[in-house]
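Please take them in order, and look up each residue as it comes.

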Amino acid sequence: MKKCSFYLLIVCVLILGGCKNKANNSPVSDYEKVVIDRENNAGTNPLKIDGTRIKEILFEVKTDNKEFENGIQTWVSIQNFKKESINLINKDEVVISEKEITIIIDYPLTNVYSFNLKSEKGFTREKLLTEIGENYFKLYEEEEKSASVKTQPMEEREMYNRNQTNGKYGIWGHDIADLVLTDIQVFKNKDGKLIVSLGIDS
């Protein structure tokens, strides 16, 4: 699921070399090791879905940023999904024609979050993005409310990465601002139900 090795490399560089208030030769903390291990595991052992993969749906955005080839950004920011949905490529295309799906969010969570969607007209790319973005904000809020170990403010951190909180979902390693949606994978299980897995990078 976490298929962009480039972004995984960036995360590791930030963890190992970008931590605030530390010398470059400082030893890696236990939590930094945990984050690195989890990032590696997320990239090599994606969530296993009980079913047959039937479709991949990409999320790309038109941009004036010259750093992107042909003016196409190959992901959507979760934090800024409303703004970026304006320039979402093929946003009105019905990419899932079935009337009911289940979406699973597992990154960067210890405990999986899932939700069901129904639509008589199927699901457009923009509708999927909106639901995914809104549910990410919802679960981050639920995590903070249910946790006794709260998220450290950025200015108080010894490293860039978010500390792990102990709320409902056990979010680790990343603030919502770090997350981008690159694609979704659609699976059909033995009962004919559609399960959607997210390609989330950081």
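**Notes on the predicted model**

1. The mean pLDDT of the protein is 86, and 84% of its residues reach 70 or more. Please keep in mind that this is a predicted model, and that pLDDT is the predictor's own confidence in each residue, on a scale from 0 to 100.

2. On the overall layout, the secondary structure comes to four helices and 10 strands, and the order in which they follow one another along the sequence is α-α-β-β-β-β-α-β-β-β-β-α-β-β. Of the 202 residues in the protein, 46% are buried, while the accessible surface comes to about 11100 Å², with 49% of that area belonging to carbon and sulfur atoms. Among the contacts with a separation of 6 or more, 64% are between residues 24 or more positions apart.

3. Helix H4 has 22 residues, and the span from its first C-alpha to its last is 32 Å, close to the 32 Å expected at 1.5 Å a residue. Which residues of H4 are buried? They are Arg125, Leu128, Leu129, Glu131, Ile132, Gly133, Asn135, Tyr136, Leu139, Tyr140 and Glu143.

4. By the rule used here, the model has six salt bridges, and one of them joins the side chains of Lys127 and Glu131, with 2.8 Å from N to O. Lys127 and Glu131 are separated by about one helical turn, because they stand four residues apart in helix H4 (residues 125-146). Lys127 is partly exposed, at a relative accessible area of 35%, whereas Glu131 is buried, at 14%.

5. Another salt bridge links Glu142 with Lys168, and here the closest N and O atoms are 3.7 Å apart. Because Glu142 lies in helix H4 and Lys168 in the loop between H4 and strand E9 (180-188), this pair ties together parts that are 26 residues apart in sequence. Glu142 has a relative accessible area of 22% and is therefore partly exposed, the cut-off for a buried residue being under 20%.

6. A further salt bridge is found between the side chains of Lys99 and Glu120, at 3.2 Å from N to O.

7. Strands E6 and E7 pair in the antiparallel sense over six bridges, and Glu100 stands opposite Lys118 in E7. In a regular strand the side chains alternate between the two faces of the sheet. In E7 the covered face holds Tyr113, Phe115 and Leu117, and the uncovered face holds Ser114, Asn116 and Lys118. In the loop between E6 and E7 you will find Pro108, which is joined to Tyr107 by a cis peptide bond with an omega of about 0 degrees.

8. Leaving aside residues up to four places away in sequence, Val196 touches Ile96, Ile101, Thr102, Ile103, Ile104, Ile184, Gln185 and Val186. The C-alpha atoms of Val196 and Ser114 are separated by 9.5 Å, although these residues are 82 residues apart along the chain.

9. Finally, please check two backbone angles. Asn70, in the loop between strand E2 (61-62) and strand E3 (72-73), has a phi near 60 degrees, which is a positive value in a residue other than glycine, and Asn70 is exposed, with a relative accessible area of 69%. Asn90, in the loop between helix H3 (81-84) and E5, also has a positive phi, of about 55 degrees, although it is not a glycine.

Key:
Residues are numbered from 1 along each chain as its sequence is written. This is a predicted model: local features need pLDDT of at least 70, side-chain atom pairs count only at pLDDT 80 or more; totals for chains, interfaces and linings use all residues. Side-chain values use heavy atoms; hydrogens and water are left out. A salt bridge is a side-chain nitrogen of Lys or Arg within 4 Å of a carboxyl oxygen of Asp or Glu. Buried means under 20% relative accessible area, exposed over 50%, partly exposed in between (1.4 Å probe, protein chains only). Contact means heavy atoms within 4.5 Å. Accessible areas come from the Shrake-Rupley method with a 1.4 Å probe; for residues, only the protein chains shown count as cover. The expected span of a helix is 1.5 Å times one less than its number of residues. Two strands pair if DSSP finds at least two bridges between them.
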